Amino acid sequence: MVWAGVSEGGHSDFLVLHGRASTVVNYRDEILAPYVKQYAGAINEEFILMDDNALPHRARLVEEHIEDEGLERRDWPAESLDLNPTEQVWVYLGKQWDLVCSKRWLPVIVLTAFNASGLFGQCACLLIAKKFGKRVLFFSALLMQSASGVATAFSPNFICFAVFRCLAGLAIHGVLIAPSTLAHELNGWKLHSRVSLLCSAARSIGMVLLAGIVLFVGDWPNLALASSIPFLAFFLYSW
């Protein structure tokens with residue numbers, strides 16, 4: 001992770017946290033204390049700190065440190081255009097199922113389980129493709145991912161939410177790998193570079209569209225539906 005402070009009059013030095021994410025402790029001890037405090041003193045008394053609503057930035061330890069150092073902080077707008085879908089998930093889960101304080105680690109476990117299930121799903125996808133073919137792999141993975149995405153929106157509790165996310169993780173590589181492999185096989189090696197470029201461009205465009213969906217869709221259940229129903233409709237149309 002790379003961090004830097006920017007203002008109208010200049011910027012701070014860049015801080016690189018090699019192989020580490022921003023946590024409450026390193027945000028306080030490695031960013032606020034050595035960087036923000038000195039930068040604030042170098043500007044003037046009119047310095048106002050403005051950071052976003054990332055969880056490490058709003059933790060109690062950070063709030064206490066900022067107050068003890070006498071730094072003035074601007075409240076980040078509650079309706080700021082934060083296009084990170086993951087952060088919206090954490091906020092929704094915290095409000096819906098009271099995942100705060102001693103339970104704040106549970107959403108992180110779900111994210112870890114999602115990535116781990118993707119690893120096992122990739123191995124399963126190879127076996128399914130070898131035995132039944134890539135078409136069966138693609139449509140079965142597409143159905144599982146879209147159905148689990150829709151089911152996520154109606155999760156009655158955190159356990160169901162975690163199960164549905166793991167099912168989506170199992171299917172994600174089947175949805176991504178099978179079409180790309182089929183496209184390469186159908187077009188041959190002469191068009192390999194063009195096909196790879198188009199597949200990569202399609203994924204990038206999809207991420208941009210997802211950011212647009214997040215911008216206009218308010219909460220996580222509606223976001224899950226908006227990002228899953230098109231895949232379900234495509235499955236019903238193609239099958």
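**Chat: cores, a helix pair and annotated spans**

Reader: Which residues have the most contacts inside the largest nonpolar core?

Author: Leu-32, Val-36 and Phe-47 have the most contacts there, and the core has 14 residues. Keep in mind that this is a predicted model.

Reader: Ok, and which helices each supply at least two residues of this core?

Author: Helix H1 (24-43) and helix H2 (60-68) do. H1 gives the largest share, 6 residues.

Reader: What does Phe-47 touch, not counting residues up to four places away in sequence?

Author: Phe-47 touches Val-36, Tyr-39, Ala-40, Leu-71 and Glu-72.

Reader: How many residues are in the second, separate core?

Author: That one has 13 residues, including Val-150, Ala-153, Val-217 and Ala-224.

Reader: Switching to helix packing: how do H5 and H6 cross, left-handed or right-handed?

Author: Their crossing is left-handed. The axes of helix H5 (residues 134-153) and helix H6 (residues 158-187) cross at roughly 145° and come within 7 Å.

Reader: And what residues make up that contact, by nonpolar, polar and charged?

Author: The contact of H5 with H6 divides into 17 nonpolar, 5 polar and 3 charged residues.

Reader: Different topic. Where does UniProt place the "transmembrane region" feature?

Author: The UniProt entry, which is unreviewed, puts it at residues 105-129, 136-155, 161-183 and 195-214.

Reader: What's the helix content over residues 105-129?

Author: Residues 105-129 are 96% helix and 0% strand, with the end C-alpha atoms 36 Å apart.

Reader: And how far apart are the end C-alpha atoms of residues 136-155?

Author: They lie 28 Å apart, and residues 136-155 are 90% helix and 0% strand.

Technical notes:
Residues numbered from 1 in each chain as written. Predicted model: local features only at pLDDT ≥ 70, side-chain atom pairs only at ≥ 80, totals over all residues. Heavy atoms only, no water. Core = buried A, V, L, I, M, F, W, Y, C linked by side-chain atoms within 4.5 Å. Buried < 20%, exposed > 50% of the residue type's maximum accessible area, 1.4 Å probe, protein only. Helix = DSSP H or I, 4+ residues; strand = E, 2+ residues; numbered from the N terminus. Contact = heavy atoms within 4.5 Å. Axes fitted to C-alpha atoms, helices over the stretch in contact; angles between N-to-C directions. Left-handed = near helix turned anticlockwise from the far one by under 90°. Nonpolar A, V, L, I, M, F, W, Y, C, P; charged D, E, K, R; others polar. UniProt positions renumbered as here; feature names shortened; annotations may be inferred.
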